Amino acid sequence: MRKTLLIPALILVLAGWWYYQDVQKQLNLPLKIDGPEYFSIESGMSLLAVAEGVATRGWFDYPFYLQLAGKVRGVDGLIKAGEYQVEPGTSALSLLEMIVAGKVAQHTLTLLEGWTFNQMMAAIRENRFIRKTLTSTEPKRVMAGIGYPGYFAEGRFFPDTYYFPAGETDVDFLRRAFNKMETVLNEEWRGRMIGLPYKSPYQALIMASLIEKETAMADEREKIAGVFIRRLEKNMKLQTDPTVIYALGENYDGNIRHRDLEIDSPFNTYRYKGLPPTPIAAPGRASIRAALQPEPGTELYFVATGENGRHYFSHTLAEHNRAVKKYQLR
């Protein structure tokens with residue numbers, strides 16, 4: 001009698017052991033995907049629905065195993081909503097761990113140094129992973145929408161590569177970029193040279209935007225900053241072409257003509273002394289630092305040489321005129 005009962009019990013044990021081994025094997029095999037895939041989990045979605053969704057896509061043939069693994073581990077109610085990036089080699093078990101940990105996919109958007117506010121907003125509008133909640137891209141309404149009414153928008157958003165999950169709002173994205181610019185500007189302001197002709201960090205930001213648009217050469221930024229600072233100190237007009245281009249807006253066709261230098265705009269530094277009223281683009285940290293740590297010297301002029309974006313710097317107007325004749329009128 002005892003022997004008769006032992007055989008079925010042994011069969012059950014062996015069957016259970018086989019089933020356990022098969023569950024573990026299937027859960028640890030790579031999902032059936034050939035390349036990176038995205039999988040979205042809606043708020044309130046159950047683990048059963050997730051498992052069935054994975055099976056429906058053809059990634060995994062045993063949705064019950066995935067649900068069972070969640071119950072055994074006590075995490076079936078802990079899955080996090082969001083979009084997940086699933087790479088080749090990911091197993092059902094590692095997918096479960098990913099969605100319990102909430103390791104949602106991170107997308108990127110790079111705001112480039114020297115971009116205008118309009119260029120930045122166009123990039124945000126075109127990014128399909130950012131959720132659009134702002135009803136207008138008009139600068140004043142955007143600044144009010146992100147909680148900074150009365151602030152000028154140009155140049156206030158730090159150029160950088162930003163990571164974010166799918167569905168992040170344009171408001172949250174812009175707040176991050178705005179706050180990062182504030183942080184960087186204040187950090188660099190604390191290390192500024194003594195005696196600079198700025199009344200506030202904002203004026204340094206304006207100067208940094210001019211430097212950003214004048215040169216892409218790292219070794220010229222401080223030198224150009226020095227020229228602009230000395231011109232301000234001598235009550236000379238800055239006479240920088242990027243401000244004219246900014247003033248022309250959509251009317252700029254790639255060439256600056258003599259009549260353009262007379263355009264009546266507060267941004268036209270050929271017509272008005274001092275800094276323009278706002279930045280003309282978003283400067284990076286290097287240009288902000290250059291504005292606050294300019295290179296000493298006596299140069300008051302510079303002109304593009306047409307050679308790899310470089311400039312020739314002059315101490316006197318006569319020297320500058322010769323350089324213009326050499327590099328611009330040839």
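Colleagues, the model is predicted: local features need pLDDT of at least 70, side-chain atom pairs count only at pLDDT 80 or more, and totals for chains, interfaces and linings use all residues. Residues are numbered from 1 along each chain as its sequence is written, and side-chain values use heavy atoms, with hydrogens and water left out.

I begin with the interior. A nonpolar core here is a set of buried Ala, Val, Leu, Ile, Met, Phe, Trp, Tyr and Cys residues joined through side-chain atoms within 4.5 Å. Buried means under 20% relative accessible area, exposed over 50%, and partly exposed in between, with a 1.4 Å probe and protein chains only. The largest such core has 53 residues, and Phe157, Leu174, Tyr198 and Met207 have the most contacts inside it. Several elements each supply at least two of its residues, among them α5 (117-126), β4 (161-164) and α8 (201-214). Helices (H or I, at least four residues) and strands (E, at least two) are DSSP runs, numbered from the N terminus. Which helix gives the largest share of this core? That is α7, with nine residues. A second, separate core of 25 residues includes Ile33, Ala69, Val75 and Leu96.

Contact means heavy atoms within 4.5 Å. Leaving aside neighbours within four places in sequence, Met207 touches Tyr198, Phe228, Ile229, Leu232, Leu275 and Ala291.

Ala69, from the second core, is also one of the buried residues of helix α3 (residues 63-73), together with Tyr65, Leu66, Gln67 and Gly70. Just after α3, Gly74 takes a positive phi of about 70°.

On a 1 Å grid over the protein atoms alone, a cavity is a set of points where a 1.4 Å probe fits but cannot get out, and lining residues have an atom within 4 Å of a point. Grid points are joined across faces, edges and corners, and a volume is the space filled by probe spheres set on the points. The count comes to one cavity of 30 Å³ or more. The largest cavity has a volume of about 70 Å³, and its lining includes Trp115, Phe117, Met120, Arg156 and Phe157.

Next, the aromatic rings. Rings of Phe, Tyr and Trp (its six-membered ring) pair if their centres lie within 6.5 Å; planes under 30 degrees apart count as stacked, over 60 as edge-to-face and the rest as tilted. The whole structure holds 15 aromatic pairs. Tyr312 and Tyr327 form a tilted pair, because their ring centres are 6.0 Å apart and their planes stand at 35°. Tyr312 lies in strand β6 (residues 311-314) and Tyr327 in helix α12 (residues 317-327). Tyr312 is partly exposed at 32% relative accessibility, whereas Tyr327 is buried at 14%. Elsewhere, ring pairs link Phe117, Tyr148, Tyr151, Phe157 and Phe178 into a cluster.

Finally, two backbone details. Most residues other than glycine have a negative phi. Gln239, however, has a positive phi near 50°; this residue is in the loop between α9 and α10 (241-248) and is partly exposed, at 36%. Asn308 has a positive phi near 60°. Is Asn308 buried or exposed? Asn308 is exposed, because its relative accessible area is 71%, and it lies in the loop between β5 (301-304) and β6.

Technical notes
1 Å grid on protein atoms, 1.4 Å probe; cavity = no way out; pocket = protein on both sides within 12 Å on 5 of 7 lines; lining within 4 Å.
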